[in-house]
Amino acid sequence: MIPSAIETKKSHLHQQLGRYRRVAIAFSGGVDSTYLLYAAAEALGHDNVLAVIGDSFSLAERERQDAIALAEHIGVQHHLVDPGEFDDSNYLANPTNRCFYCKTALYTCMADILREHNLDIAFNGTNADDLSDYRPGLKAASDHGIASPLADAGLTKTDIRALSKAAGLPTHDKPAAPCLSSRVQYGESITPEKLKQIERAENFLHDLGFRECRVRHHDQLARIEVPRDRIAELTETATMAKVDAALREFGYQFVTVDLRGFRSGSLNEVIAFGVRQT
């Protein structure tokens with residue numbers, strides 16, 4: 001049963017959505033954007049919602065396929081678009097505000113999609129928790145008039161997971177899966193080759209059963225993060241040997257395990273030590 005406080009937020013969300021006729025949603029297939037897509041289809045009708053999937057080197061193939069399948073599961077049309085962020089030298093330089101350039105590219109494309117499909121407005125899946133985090137992409141959203149109805153309704157990640165479970169959405173317990181570029185240490189250039197290397201490494205760990213993991217890319221070194229209660233499993237002799245051999249085959253010279261365990265956005269920890277924005 002959904003607590004009344006969350007139901008009130010849900011009501012506010014539907015009131016916001018109901019102000020529009022036809023909408024586009026920047027859709028990643030994650031917990032937040034999936035619930036927003038579902039809620040918008042519920043409020044406006046499935047034919048009045050378009051899921052826009054940013055399809056570039058920074059999107060893992062598994063996530064791409066998941067996003068397409070989720071849009072089809074919800075029953076809304078999806079549109080794949082290459083935002084072109086890899087044509088922007090600012091993005092490729094990988095400064096601490098890299099996400100600003102990525103989202104700027106995506107939201108610029110969405111403005112064109114609104115015109116082409118006769119849509120009223122574009123939404124993103126920002127939730128209320130994101131507003132207190134380091135999110136350079138929020139400025140890009142503001143610059144391009146992208147609304148954040150989940151955050152405006154006060155819905156947190158926990159709220160959205162609860163509502164997603166009640167709605168029967170398969171993403172209710174899905175781990176966060178930000179873009180592959182978020183694995184590369186700030187200041188090291190982004191390249192398609194590095195992102196493919198990261199994707200192969202994380203796919204290998206997923207196939208071993210580590211559903212929640214990150215492979216942080218530090219040039220020739222792969223820093224693996226898994227939940228702390230699974231570090232012993234990862235470092236068991238046979239498993240460790242498999243992981244080490246695989247990641248070396250994928251091009252890493254050094255493979256290490258972060259003893260602090262998995263934590264979302266761990267590369268942001270270096271910002272406090274003066275990594276320069278460019």
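**Reading helices, cores and loops**

Modeller: In this structure, Asp 219 is partly exposed, since its relative accessible area is 45%. The model is a predicted one.

Colleague: Where is Asp 219 found?

Modeller: The loop between strand S5 (214–218) and S6 contains Asp 219.

Colleague: What is the phi of Asp 219?

Modeller: The general idea comes first: most residues other than glycine have a negative phi. In this structure, Asp 219 has a phi near 60 degrees, a positive value in a residue other than glycine. Asn 94 also has a positive phi, near 60 degrees, and is likewise a residue other than glycine.

Colleague: Is Asn 94 buried or exposed?

Modeller: Buried residues have under 20% relative accessible area. Asn 94 has a relative accessible area of 0%, so it counts as buried. This residue lies in the loop between helix H4 (89–92) and H5.

Colleague: Let us turn to the core. Which residues have the most contacts inside the largest nonpolar core?

Modeller: As a general idea, nonpolar side chains in soluble globular proteins tend to be buried together. In this structure, the largest nonpolar core has 42 residues, and Tyr 107, Met 110, Leu 205 and Leu 247 have the most contacts inside it. Elements that each give two or more residues to this core include strand S1 (23–26), helix H5 (98–116), helix H9 (192–207) and helix H11 (237–249). Helix H5 supplies the largest share of this core, nine residues.

Colleague: Leaving aside neighbours within four places in sequence, which residues is Tyr 107 in contact with?

Modeller: With those neighbours set aside, Tyr 107 touches Ala 26, Asn 124, Gly 137, Ala 140, Ala 141, His 144 and Ile 146. There is also a second, separate core, which has 33 residues, among them Ala 40, Ala 51, Ile 53 and Leu 163.

Colleague: Where does Leu 180 lie?

Modeller: Leu 180 is in the loop between helix H8 (157–166) and H9. Its relative accessible area is 2%, and therefore it is buried. Apart from neighbours within four places in sequence, the contacts of Leu 180 include Phe 57, Leu 59, Leu 195 and Ile 198. Leu 180 and Leu 205 are 25 residues apart in sequence, and their C-alpha atoms are 15 Å apart in space.

Colleague: Next, the packing of helices. At what angle do the axes of helix H2 and helix H3 cross?

Modeller: Angles under 35 degrees count as roughly parallel. The axes of H2 (residues 31–44) and H3 (residues 61–74) cross at roughly 25 degrees and come within 10 Å. H2 is therefore roughly parallel to H3. The crossing in which H2 passes H3 is right-handed.

Colleague: Which residues in H2 and H3 meet?

Modeller: From H2, Thr 34, Leu 37, Tyr 38 and Ala 41 meet Leu 70, Ala 71 and Ile 74 of H3. Six residues of this contact are nonpolar, one is polar and none is charged.

Colleague: At what angle do helix H1 and H2 pack?

Modeller: H1 (residues 4–17) and H2 pack at about 65 degrees, and their axes are 9 Å apart. H1 makes a right-handed crossing as it passes H2. Lys 10, Leu 13, His 14 and Leu 17 are the residues of H1 in this contact, while those of H2 include Tyr 35, Leu 36, Ala 39 and Glu 42. The contact of H1 with H2 has eight nonpolar, one polar and two charged residues.

Notes. Residues are numbered from 1 along each chain as its sequence is written. This is a predicted model: local features need pLDDT of at least 70, side-chain atom pairs count only at pLDDT 80 or more; totals for chains, interfaces and linings use all residues. Side-chain values use heavy atoms; hydrogens and water are left out. Axes are lines fitted to C-alpha atoms, for helices over the stretch in contact, and angles run from 0 to 180 degrees between N-to-C directions. Helices (H or I, at least four residues) and strands (E, at least two) are DSSP runs, numbered from the N terminus. Angles under 35 degrees count as roughly parallel, over 145 as roughly antiparallel, 65 to 115 as roughly perpendicular and the rest as oblique. A crossing is left-handed if the near helix is turned anticlockwise from the far one by less than a right angle, and right-handed if clockwise. Contact means heavy atoms within 4.5 Å. Ala, Val, Leu, Ile, Met, Phe, Trp, Tyr, Cys and Pro count as nonpolar, Asp, Glu, Lys and Arg as charged, and the others, Gly among them, as polar. A nonpolar core is a set of buried Ala, Val, Leu, Ile, Met, Phe, Trp, Tyr and Cys residues joined through side-chain atoms within 4.5 Å. Buried means under 20% relative accessible area, exposed over 50%, partly exposed in between (1.4 Å probe, protein chains only).
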